[in-house]
Structures are given as C-alpha cells and as structure tokens.
Amino acid sequence: GLAWTDLWLQYFQQLSGQEIPLATQQQRYLLCDAIHRATPLINKNRVAVCGEPDFVMGISRFLIELGVGPALIVCHNGNKHWQDAMQGLLSDSGYHKEVTIIIGSAETVSDQLLTTHHADLLVAPPSLHSVTVDSRPFFAGAKQVKLDRPTQSEHPATTLGYQGALHILNAIVDTLAQR
C-alpha cells in the first residue's frame, strides 16, 4: 500500500543517506492518481478479506487507504496475538466497530455468521479460491479479486512498493468494472 511503502522507502533513505529516486517518486504519483480515479467505483463496497496473516493485514491496510474498510476478515491460521494486532490496525483507522475478525479455519465459521455478513467483493490469494471460496455461502455472489503474481513477461518488482499497490488496485477495479 501507499503508507507502508512510504515508510519502507523512508527507512532505506535514512540508512543510505540518499534521496528517493525520481522514478520511484513518479510511481508514487501514478498510484495516488489511480487511487483518486478509482475512489468513486470502489467506495461503498463491502469487502471480505481471506488468507494468511501477512496477506490479510497488508490488504486490509491498503483497502483502508482506498477508503474501503473490510467488512469481514477471515485468517485461517491467525492467532490471538495476530487478531489483537489486526484489531489495533482497524481501531487506529476508525473501522473497529464495523469489522468482524475470524481466526481459524474458514470451515469452522458458522453459516449463520456468514449469511449475516454479505460482501460485494472478496480479496483472497488464488490458492484459497478453489478450496475455501466456492464452498462457503458467504462468498456466493461476491466478486472475487484474484491477486495472481505477475506473469513471466512482467518484472518481479510489480509485486513490490508502489507498482505492487497499483497492481492490486487495478485487479480490484477490473473486478468491480466487470459487475
């Protein structure tokens, strides 16, 4: 996302004593412009995030930057410490009362809870789409954002920093535009 990439680059700037390259600053500008243009399409969607702890935390933070706080977070291998950290992130952002956080296997979540927390959009890594998503009633009808890694023709850096955030934003916008 934007804020964590800014912090990451500031850390490297302090270590190296060098300015952030102009090309990187231009990537930041392109991401900010894309966020601005995407806001009307993304805003007011209910989003579910499902996956590993790092993935869920990072994507949730980025969704908050976009102005779309997640409605439901399912972290199949998170623990109580991770849940507290996630709750802290949401509290700092003002979303703590609007989000249900579930840790443990998605299969252990009751259907009652899943049917009361409808989502317009599901963000999950591709590995969870066939196993978790298709079999749960909560996810029925939700558009699924598939955050695949870049193809071999794309540079690996497209998964990092501002380019990575732009890659994720484009996947979300493309999914919503198909609706």
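**Chat: aromatic cluster, sheet and salt bridges**

Me: Which residues form the aromatic cluster here?
Reply: W8, Y11 and F12 form one aromatic cluster. Bear in mind that this is a predicted model.

Me: How many aromatic pairs are there?
Reply: The count comes to 2 aromatic pairs. In one of them, the ring centres of W8 and F12 are 5.3 Å apart with the planes at 85 degrees, so that pair is edge-to-face.

Me: Which way does β1 run against it, parallel or antiparallel?
Reply: Parallel. Strand β1, residues 47-51, is joined to β2 by 5 bridges. One partner pair to look at is V47 with P70 in β2.

Me: How does the chain get from β1 to β2, and with which hand?
Reply: Through helix α3, residues 53-65, as a β-α-β crossover that is right-handed.

Me: What does β2 do with β3?
Reply: β2 and β3, residues 100-103, pair in the parallel sense over 4 bridges. For a landmark, L72 stands opposite T100 in β3.

Me: Okay, charges now. How many salt bridges are there?
Reply: The structure holds 4 salt bridges. One of them is D6 with R28, where the closest N and O atoms are 2.8 Å apart.

Me: What does the D6 and R28 pair tie together?
Reply: D6 lies in helix α1 and R28 in helix α2, residues 22-42, so the pair ties together parts that are 22 residues apart in sequence.

Me: And D6, buried or exposed?
Reply: D6 counts as buried at 16% relative accessibility, because the cut-off for buried is under 20%. R28 is partly exposed at 31%.

Me: Which residue does R37 pair with?
Reply: D33. Their side chains meet in a salt bridge at 3.0 Å, N to O. Both lie in helix α2, 4 residues apart, about one turn of the helix. R37 is exposed, with a relative accessible area of 57%, while D33 is partly exposed at 26%.

Me: And what does K80 form with D84?
Reply: A salt bridge, with the closest N and O atoms 3.4 Å apart. K80 and D84 are 4 residues apart in helix α4, residues 80-93, which puts about one helical turn between them.

Me: How accessible are K80 and D84?
Reply: K80 is exposed with a relative accessible area of 52%, and D84 is partly exposed with 45%.

Note on methods
Residues are numbered from 1 along each chain as its sequence is written. This is a predicted model: local features need pLDDT of at least 70, side-chain atom pairs count only at pLDDT 80 or more; totals for chains, interfaces and linings use all residues. Side-chain values use heavy atoms; hydrogens and water are left out. Two strands pair if DSSP finds at least two bridges between them. Helices (H or I, at least four residues) and strands (E, at least two) are DSSP runs, numbered from the N terminus. A crossover is right-handed if, with the strands pointing away from the viewer, the path from the first strand over the helix to the second runs clockwise. Rings of Phe, Tyr and Trp (its six-membered ring) pair if their centres lie within 6.5 Å; planes under 30 degrees apart count as stacked, over 60 as edge-to-face and the rest as tilted. Buried means under 20% relative accessible area, exposed over 50%, partly exposed in between (1.4 Å probe, protein chains only).
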